[in-house]
Every structure is written in structure tokens, then in C-alpha cells.
Amino acid sequence: MSKVGIAEVQPQDLTLEGVAERMSKHQARIDELVRRYPVKRATLLQVLWLIQEEFGWVPRLGIKWAAGIAEVSPVHAFAVTEFYTMYKQVPPARWHIRVCQTVNCLIQGSEALIAHLEEKLGIACGSVTEDNLFALERVECLAACGNGPAVQIDDEFLYGPEELNQHEDGWHTQAADVDRWIERLRAEAAAHPEWETVDQLGGIILDSLGHPGAPKASGSPNQETYAAAPPAINLNAEGANGKITVHALIAPECSKLVFERSDDDLGFSEVGAIDPSTIKGPPGPKTVTFDDRVDIGKTVYYRAIAHSGNRVATPSSSIAITTEARPEADTEYNLKVLSDEKSGKENGGKKEVNADIAQASEKTANKEEGKK
Amino acid sequence: MTDKIQITIDGEEHSVTPGQQLIQALWEAGVDTPNFCYHEDLSIAGNCRICLAEVEGPRGWGLMISCHMPIRPGMNVRTQRSSEKVVNARKGVMEFQLVNHPLDCPICDKAGECKLQEHYMSDGRGESRMRDDIGKQYAGGPDHQSCDRKGQTRGGKHIDLGDRVLLDQERCISCSRCVRFMREVAGDEQLELASRGDHTYITTFPGEKLDHEYDLCTTDVCPVGALTGKHFRFQQRVWFLKKTNSIVPDDSLGANITIDYNEGQREGAPEYGVYRLMPRRNPDVNKSWLHNDSRMLYTQLTENRLTEGLKHGEPCSLAEANTAMSAALASAKKIAIVASGHATNEDNAAVLALLEKLGDRAELFGGSWLAVGEGDGIARSGDPVANRRGCELLAIPDNLDQLCERVAEFDCLLTVGHDLWAADAEKAVALEGISERLVFSAWKDATASRATVAMGVRAWAEVRGTMVNCNDRIQMLQACPICPNDELMSIWEAVSELSGVEWDSAAAWKAVKARVPQLADVSYRSIGALGQQLVSEAAVAASAESAEV
Amino acid sequence: MKRTPENCPQVLSALFDVTDGHTMSVAAEHGAYSRLETGAGARIFGRSQFEIIEDVFASGIRGRGGAGFPTGMKWRFVPRNGEKPVYLVINADEGEPGTFKDHFIMDRDPHSLIEGMIIAGYALGVRTAYIFVRGEMLPQIRRLNSALQEAYEAGFLGENIKGTGYNLDIYVHRGAGAYICGEETALINALEGCKGQPRLKPPFPAISGAFESPTVVNNVETIAALPWIFEHGPAAYKALGTSMSPGTKLFSISGDVAKPGVYEIPLGMPMKEFFDLAGGVVGDLAGCIPGGSSSPVLSSDECDDATMDYECMKELGTMLGSGAVMPFNTTRDPVLMLQTLTRFYSHESCGQCTPCREGTGYADRVVDAVVAGKGRMGDVEFIQDLADQFEWTTICPLATADAWAIGGFLKKFRSYFDAYLDKSDEKDAGRDVASLQPGGFW
Ligand SMILES: Cc1cc2nc3c(=O)[nH]c(=O)nc-3n(C[C@H](O)[C@H](O)[C@H](O)COP(=O)(O)O)c2cc1C
Ligand code: SF4
Ligand code: SF4
Ligand code: SF4
Ligand code: FES
């Protein structure tokens, strides 16, 4: 059970040119792969699959050739081939039987099934039958536990009665099912001695426009303006004693947020604008706060208009708010503080007073959820 | 200078240089922190996990690798000194590191400077908990596996990886340093870690050899004895070696090296001599790298040395050679003196002093016929004349070709440590038209063999002196006590003796300084191990002007 | 087959039992791609990227790949419209033992994934998106490719989708056999043509992932839920499940249960009710792995009050993970179960970090020794100690997952291990373990 001998099984008469020639029939798919990624290296895994499709396994010269296509060093391609378990580095058997042995399948009887298969095929796991028809391998979870013990023959899952040829919930692989498969495959081998190849990329689309800027690609990048400019959202407001705070959520790309007010929800006029870059915080959307004063008891409407560079978003939906008098707070003093703020004068007690108001206003604020 | 920042290590405030990884800061603060995969001149892989430390984050204390943890002002760190968790985590890593390691230190060339060996002594568990009845998994690559006497599959040993490097797959700790070196520095990915899990092994593409001008650097970066240089295989145990800091003499970048030599004094210690040259890290010059050719220069220290004098090719004593040279100089009508870009500034200063003493009878020549190549951006400038810049600063002309045209004017030629015939035999042949040819050389080279009188001198590893590299950095060569003949003098000693002044080392350096204004603030001490960047000529002139005003 | 409890909308499984639900024509009858309609009342096209991201945020949907990170939050961090393109990569590397829900989606409703990808792509400004499918799932890759073909033909993919000016290509990328490629940075490496080894973080993929560009990696199920969310609105989705774990989730259940399969239940459903939905436990429940093999096992007592949501699982010291539920009964041997898991993790370790590379393998060999009857007294503590040494000391959580699996089994089924150790002196007590390694050919 080891890989000793890989060097010996390499085909002696194969050359790099020979690989290239055999691979030429796959050129359309290789061209498509090269189009798909911004760098050629990303094609490596897929090109190795194509090698495996063509040869049935991945000879070392195939690895080297793939490295050339993907423009990576040969040793990089080799390390990648060694890393993944599905690239076969020795000539394979015609059919590859994988049996899952991980915990769910263990419970559902994988060991018994493996023992059965070993007997049926006359080989131990990790080896190939003498007629080179079957290889038997223990593998880890195949993501088909519901039908466990999960079995795969080549790339097909056994997950339902063979005759139905479709997945059946709650069906469990039974020794008899696998036996039937094996018999059928043996019969097929007798009838069709030549091996068929299976498309290892599962029928990829061949005429995509490709990754913009990738070699051979013609796809064009997305315009910045394909989507509408981001509006301000989640507008809400609170306040008392004529002082109102409006909040809105804006997108990271927003460069200016204009607040507008209206008495009747019809004619809005600007009452202030905020530059979001002045708001500190982690990257991502930002909450913008705007303070305003209106007469106590009056209902006003707000909306916000977000600008992103020179793109202007549609106005946010408007909200209505009515501030109420809050008897506990000293309105006179309140007004004085605010006017001080405007004139930019220092006021020792300002901070405290404002905090006081904020606290109190939370209790009494009359929030209205948008307009009906 | 950037301002230092404060971080807290084990409850103590330390100020450290910003912009580094925590591991560097810990080193700076004097906290020993082990590392395998981290290398200051390679990208960060963070895979060995030995450098774990506890760092306080928004969600409390957590183990983090210190090599991938940029430092922030005020960060709070616990190390092995105050955290049991760190000690245990490191013990754990060491224990795992040894699970599949052969520990064949007695036959390992890395023993003595192996990071694994070092850390299992200091950070490992006292006793091994590994169970002898549980096999190892160090099978290595499929092409080199073998089976040992116990029936255990083992990785390849002493695999011939290329012309210069040997690989022991079992000893590899998958740190990926060599991979990163080849990819990032050499720019030629020839090594990779293949497979995965504990089957991971280091390999070239099967059947291909590791072959790069810098491939021996992989043996330096390899923290263990997986990659070793063939030239050093079983030569010497490293603990017998002493180290002297120096620079390479074959390139004008002046890659920093240590000369690893054995004095051979001790009982039972093998023969004396230089065993290897190792790159010495200098972030401003060669980082941690050294060209293979430079690295192998030590072999010339014992080959073909001129340890005595030669008169017309016949050996003579050094004293006889000296007398003959003095006589020749005294009787010559017109002497061409060729200074050398391969010699130190001190040597050339002695040559200039001789020139002045000889007055009108002598004329100075300089330059080199060696081809100047392209720099490789790693550890070579491509200019083989190591001290070309030093010659320029000493105002030595670049006019060798003129000398060839004017040979008829001279009847005596004096060369110092400059193998003109090897550099360009076709051009040099003209010099044979000068009847008296006096040569100072460390080797029986082509020039010495054509001398009428040649005198052996010390080679680059045996002298102390300065050179200026192509980027105006003055650096020092230091002498190791391995000279094949203790009587040999360095060039400046021999030349100053010829001019009758008999300098000591301080006088030689003073003479250099006297001639080069940029060296005003420079001393051997200020040059130190890492060299000193010279201020530009313009800056010197400007400051001189302002001083006048 | 009944896949949902009463009154639970079929967010993800609506087409699972519809014949030919994987084809465009049938799927369209059931509303596929209807969210992409343009014009008045458009739900996607015509709206701003920001609004869509915030809708996803408001729905509260959390990543279904295992970590349960809020998807909207992840999307919010992505620097859109910058110099570098944004990539969307779908994690279809389903490999967590016990999980087979993504397998179902790709098999039976690939169009929901594609439609979800178009929505996500539009919101994030993606031009090129990839679906990374594990190598073993070739039949599912075929399904996806033919579904993509249909979507291209119908004009939902390619350039200028439905005349909106938005361009999107989706490509399927086949993996080649490595569980670790499910970790998002390993997946990105595999996509880039490298070994699937996780990267050091930061940088996180949302900032610098595939091709050094901002990259969103999302699980198949996460994305496949988007069409429903935009059909019914984020509030409707958030109303399902619990407040911290909104929505429904697909659970793959297998093991000792009468009707194993994929079920869709609202998060927060009591585990016992879920077992009943799946036909009930066969035999006496001994314990249950609640969220894929990486989640510590629960004892039968713990199962009694457990509910299927992120918070409850966290409280029980385990996780909801990928939603792979595996109850087992008292006839099972937890020692053998743990053995398959330690073997699994050592086999799937990518081999970068020392503790994981060497530690998972060593722990596995010690477990093997116990199983083989060569255990020694103190081995249980030794294994636990090894596990502690590779918990949270590595680049990615694979080693930690192994440590959790070990910790769970050792703690809750200790007596079984002790029984093995007691038997150790008897000859032939255990079974031969040398031949259990997977692979063997190449
Ligand atoms: C070892 C490991 C394996 C993982 N395997 C998978 C997987 O098979 N499928 C998956 O979707 N996520 C997997 N993840 C989680 C991904 O890293 C990532 O969190 C997820 O793809 C993000 O998508 P989501 O937010 O939609 O869940 C795995 C994580 C780890 C650490
Ligand atoms: S690499 Fe060599 S010196 Fe280092 S621990 Fe291993 S055998 Fe010993
Ligand atoms: S050979 Fe040496 S440098 Fe390279 S990965 Fe192994 S231990 Fe590291
Ligand atoms: S924890 Fe394991 S799988 Fe994850 S990066 Fe480290 S070695 Fe790889
Ligand atoms: S030195 Fe930090 S992980 Fe290796």
C-alpha cells in the first residue's frame, strides 16, 4: 500500500510533444479554461483533470505539460497533484470503486460492505483486481451519508436501486446491489473491451465571454453605474421639546447626505448636509445623525438624499415626527445651549445638559413609523 | 529615526521599533522566542507554530503566533516568562515536531546549529512521551523510500538533490523556508512540499535536479539538517568552528559573510583551515544571501598559495624577495605602479604613499580588465572588482589600457594583488615589454609567474581592512588566524615596508582617511560588522563650505 | 417525502421532490428567476447594491457552511466598486462528515443556487463568480453545468443581463479531493491552482481573497436561500426560527434514524422533534453528533433538551456547524466511531502546521493502538492531552475540530475506552487497523 514504483510505471516512450499531441483534441476546453480566470495558474486543477480524462491517469509528463499550460513551475504542478487524492498517478483499473468508511457510514455498515467487496473481488482495499477491471478504495466521507454506506463507482454515486437509476431517499447500499453493479460491469467489459472516457469537467460551457482581462477573454467589466445609486435607508427620528434627531443608514460609497424637511410631506427643502467622511467607525455602512429644531407640537416630515460622487440617489421615504413638550426639562435653558452651540461658544455645562436631554427624550419621544 | 512605541511584555513596558512583527519586537526586547519557519528575509508562512505567545485581544487572551502579529502601540503580550500556556503550547509543538523526526544528530551535519536540536533542549519536554510501539510516519516521497531493519518505511536519506545540495527527507520539518527562498528570492521555484498531512515531503520535480546559482542558500535557510551542502558534508562538526565576520572579495556589493574556520589548536580537533563561508545577514546589503561562487571562494585559500618569494619563477625567501624588490625600485628609471580594486583601501593607501615617495620616477595606474556583468538583485552587483568604489574615492585612475600603450616609457612595473594576466592575457602580454616586473600576490597566479620578483602576501581572509561597495558603503574584512605562513604580510604592510615607513594598522587607516574627505566621521568601530553608509561627495563639499562660511 | 414540519415554508427544499425540478422549465414554473424581473416592483435589478445587502442583513441569515457568521455582515465589509474586482465563490466542497445537503441542492434545485448567485453578484458588484465543487461530485457538476447553460440561454447570465447593464459569468471549478478545501482560504488557494492549504489571516478574503481581490465565499445553502428571501422579504425570513438564529436550515440526518435524508426545519426546533420528523431514532439513543463531525458529540441526556439553533448548541459546548445530525444508538461502539474521525482528520490535514500535521496523525495512531488492544493505562488522558495541544494552536480550525471530536467522545463515552484498555492484556482483543488508511494507489 504505497506509492513506491511510480517512477517505474511512467510510460517510457511518452514525450512532452506526445502529451501535447494527445491533448490537442481538448484544445477547445483548454481555451475556455484560460478565458475563465484572471491568471493562467488557476486552470491547473482543471487541466490536470483533462490529462486524467485523456490518459485515464496523470503521468508525470502530463503534470509537466499541465504546468506549461498553467504557467507554473513543474514542481508546483507536481506538489498540487500529490496534494489532492483524486489524481491517479499510476495506470488505473477500468472501474474505481470507492467506499466511504467515515463515521456515519461506519454506523450504517461500511465495514461489512467493504469486507463483502474484498471477498467478492478477491482483493484488499487499495489494490486492483487481476483482470484490471476493478480497483477498490476506502475513502473518507463522500457527502452521500443518507444512503450510507456510500459507494461510488467511478464518478457515479450508488444511491438508489439500479433499475430506477435515480436517487431514492432513505435507500441504503446493500451488498446485493453492489454485486449486481459489479456483474453488470463485468458483462459490459466482456461486451465492450475498449474503455470509454468520461468528461471530467462535467460538460463545461465552451463559449463564455471570459473573465475581463484574462488571456483570450473578451468579457467586459461591470460599469460602476449598473445599479442605482445607493439611497439612505432606515430613516427614523426622535426628539422632544422641539429638538429632533434624525438617523439614517448610508452606504460606504455615500459622499454626502442631504436632509430635507417639509411641513406637509410635499414641498421639501434642505435643512442640512453631512459629510460621512467625518464620521468615524469601521468600514461598511454608516449611521448618520442630524439634529434639528422645530416648534413644539408641530408635525414635520424628513427625508434624506444620498449623493455618491456625482450620482444622486432617489430620496429616502419620508418620516413624520411631532415633538412634544416635556415638562421636566428647562426649555429656556435648552434653547440657550443650542444657540451657544450654533455660535460656537464654549459652554461648560453643555455636555451634561445635552446628555440629560437625550436621556429624557428617549423616555418621552414620540416616534412615528413613517407615514401611513 | 522612527519613534519607538510602547508595548507590554509580561507586565513590563518595553519600547520597540514600530512596523515589525511581534517576534522581532520580542527579540529586540531581549525575550528569546523560538522560530522555525519565520525568516526575516522571506514571506511569512506561520506554519511551524513554535513562536506562539499570548496576546490580549478584544475577546481576551489568546495564543497567537508572534511572527504574524504586527505590533501595535500598547499591545499586551505574555511570553514563556509569565505564561504557563505559552510554555505548554511550545512544549506541545516541540513534541509534535519530534514525532516523525529521526533524531540522528550524531550523523547530522546540522547538529550544533540545528534549530530543532536547540529548541528541544530549551523548550521541549524533559522526557519523551512518544510510544516506541507506535510507528513513525516519515515515509517521504515515493521515489526515494526505503525500508529499515525494523520494517518501517522511511523517507529518502542523502538524496542527491543536485550538484551541490543533499536532501534528507525524514529530517524535513515542512517549514517551507526553502520553498519560499526558491520562489521569492531565487525566482525559480524548484522545490515544493508535496502530498499532505504527515505524508508531506520536500521534493524537486521527480527526476530533476536542484540547480540555481544560489541554491546553497537553501541549506542556510533550512533550520534542520534536511538540506545540507555537499561541500560541508561530514567535514567538521560546527562546534569546532570559529567565526570571523568579513565580506566577499569577488563582487562589488560586498556580501557580508562569516568565515568559519578551525584553529586546530585543541586536542582531537581536526585540521585547521577555513571550512566554509556563510552569509551574514545585512538587511542593507545582501540580506541573508550568498552566491554559490562566492561561497566556494574559501577553497582558494589553500590552493596554489604563494607563501614565499619568487625570483624569475624560482622560490626564494620573503626577505630575499623584499631585498630584490627594493633594489629593483631603487635602480628603475620609470616605474608604473598598478593599484588594485581587489585590494583594500589600506593596501591602496600604502601604494599611494609609495608613489609619493618615488616622486617623478613613478606613475600610477588603475582599473580592471574584468568584464562587468549585470546585478542579480540578490547578493551580487555583477562587478567582480570588489573595491572599485574605494579606488575611485582614493582618486586612483582607471587607465590600464593607457599603460599598455605606453609600456616603452617604463622599465619597472609594480602590481599589488591584481592578477592582470588572468584578467586579460591578450592585453597583459604588452606589459611583458617592461623589463622589471614586481608582483605582490597571495597566489602563484598568472601574474606572479611572469614576475621578475614576486612576493607572497596574505589573502583576503587573512587581512583586516576596508572596502567600499558599489553603493558607497564602507565595510570591513577581518583576519582569521589561518594564514598558511605566519610570516606573510598583508599588502599594505609589505608595501609600506618597501617605502620604508613601516606602518601599523592604525597608520594605514589614518592614511586612507587623510585622502578621502567622506571618511572624516568614519572609524573601524563605526563601520562595525554591518558597514557604514558614506555621505555623498556633494554633501561633504556642502558641509565643508558651510563650515567655511 | 415529507421534509418539513407543519407550517414551515419550504425556503430551500420546495423543488426537492418535484420531478425534473432541476430543469429550467420546471423550476421556472415554481418561480425560479421571478425575483430577477425588471420593471415596476423589481426586487433586484434597478435597486441599489446597498439596499440588497441591507435586506440580506435584515433577514438575519447566517452562513450555512459551518461558522454561522451573519451573511449580511460579511457582505457589508466588502469594498465594492474599488480598483479590484469582487469575486463571489460558492463553497460546494461539502466534505464535513455527515453533511449532504449541498449535494441535494445541486442535484435537485441548481437554479436556486444560480439565481441566488445572481442576486449576490449584483449586490456585491461581482463580474465573475465561481462554484467550487468537490471533485467527487461529478454528477452534480454536470447538473450545474447544464443548469448554467439554461440560464445563459435564458439571458440570466452573460453580458447585459435582461438589459440592465449588469454582467455576470458563473463558472464551475472542480476540486480534486481534499476536505480542507472547504475552509474558505484553502478553497481560494485551490481555485487559484495551488495546493488547498488555508492561508494566514488577516487579510480576510472579504478584503483580499481570490486573485488578491475582495472575495465573498458563501456556502451553497446560504446563497440558495436568497431567492426566497427576496420573494417574501427579509422580515418574513427573520420571522422564522429564533431571534438569534432566524430562518430555516437544511439538516442532513443519517445514522440510527428510520428515514435518513435532508430535512428543512426552522431553527430552534427541539432535537427530539426533529428526530421524529426523520422517522425516529432506531434503537435506544446513545448520543448524537449535532453539526458534522467537527462538533463535539452530545450524550443522549443532552439531546433531550437540545434545540436546533446556534445558541443552544453553543451552550451545550458544541456547534450547529453544517447541520449534519447523526444520532447513534447504544449498540454502537463510540471508540470505533472516534477512530474513524481521528483517521479522517489526520488524512485530511493539509500538512502545514506542525501541531495538526504531526499531532492529528499521532493521536490517530494512539487511538488505533487502543482499538487494536495495545492500549495502556493512561492512554485516554494521553490522547486528550495531545488533543489539547493542537486545539487552537493552528492556522485553521481543522486541528481544533479534531480536538473537539476527541474531547467530546472521551468525555462522554469514557467507559467504552476504559473497557478497551482493560481488555488490552488479552490477546487478539482488537482488530487489525493497519489496513484502514484510505487511498493506497496514488
Ligand atoms: C476545516 C473546514 C472545513 C470546512 N468545510 C466547509 C464545507 O465543506 N462547506 C462549506 O460550505 N463550508 C465549509 N467550511 C466553512 C468555510 O470556511 C466558510 O466559513 C464558509 O464557506 C462560509 O460560507 P457561509 O458564510 O455561507 O457559511 C469549512 C471550514 C473549515 C475550517
Ligand atoms: S536535523 Fe539533524 S541535528 Fe537537527 S534534530 Fe534532526 S538529526 Fe538532529
Ligand atoms: S527542507 Fe528544510 S527548509 Fe525545506 S521545508 Fe524542509 S525543513 Fe524547511
Ligand atoms: S490546522 Fe491542519 S488543515 Fe489547517 S492549516 Fe494547519 S495543517 Fe492545514
Ligand atoms: S516562527 Fe512563527 S509560526 Fe513559525
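Which residues are the closest to ligand 4? In this predicted model, ligand 4 is surrounded by 13 residues, and the closest are C350(C), Q352(C), C353(C), C356(C) and C396(C). Divided by class, the shell around ligand 4 comprises 9 nonpolar and 4 polar residues and contains no charged residues.

The surroundings of ligand 2 are provided by residues of chain B, namely H101(B), L103(B), D104(B), C105(B), C108(B), A111(B), C114(B), L116(B), R171(B), V224(B) and G225(B). In the shell around ligand 2, 7 residues are nonpolar, 2 are polar and 2 are charged. Chain B itself contains 17 helices and 25 strands. The C-alpha trace of chain B extends over about 85 × 65 × 45 Å along its principal axes, and 59% of the 549 residues of this chain count as buried.

On chain C, F57(C), F69(C), M73(C) and F77(C) make a nonpolar surface patch of about 330 Å². Of these residues, M73(C) is located in helix α3 of chain C, which covers residues 71-76. M73(C) has a relative accessibility of 30% and therefore counts as partly exposed, since this class lies between the limits of under 20% for buried and over 50% for exposed residues.

For chain A, the domain assignment gives domain 1 (6-83), domain 2 (95-172), domain 3 (226-322) and domain 4 (330-371). Taken over C-alpha atoms, the centres of domain 2 of chain A and domain 3 of chain A are separated by 62 Å.

Notes:
Residues numbered from 1 in each chain as written. Chains lettered and ligands numbered in written order. Predicted model: local features only at pLDDT ≥ 70, side-chain atom pairs only at ≥ 80, totals over all residues. Heavy atoms only, no water. Near = heavy atom within 4 Å. Nonpolar A, V, L, I, M, F, W, Y, C, P; charged D, E, K, R; others polar. Patch = residues over 30% accessible without salt bridge, like charges linked within 9 Å, V, L, I, M, F, W, Y side chains within 5 Å. Areas by Shrake-Rupley, 256 points an atom, 1.4 Å probe, with all protein chains shown as cover. Salt bridge = Lys/Arg side-chain N within 4 Å of Asp/Glu carboxyl O. Helix = DSSP H or I, 4+ residues; strand = E, 2+ residues; numbered from the N terminus. Buried < 20%, exposed > 50% of the residue type's maximum accessible area, 1.4 Å probe, protein only. Domains from an automatic or database assignment.
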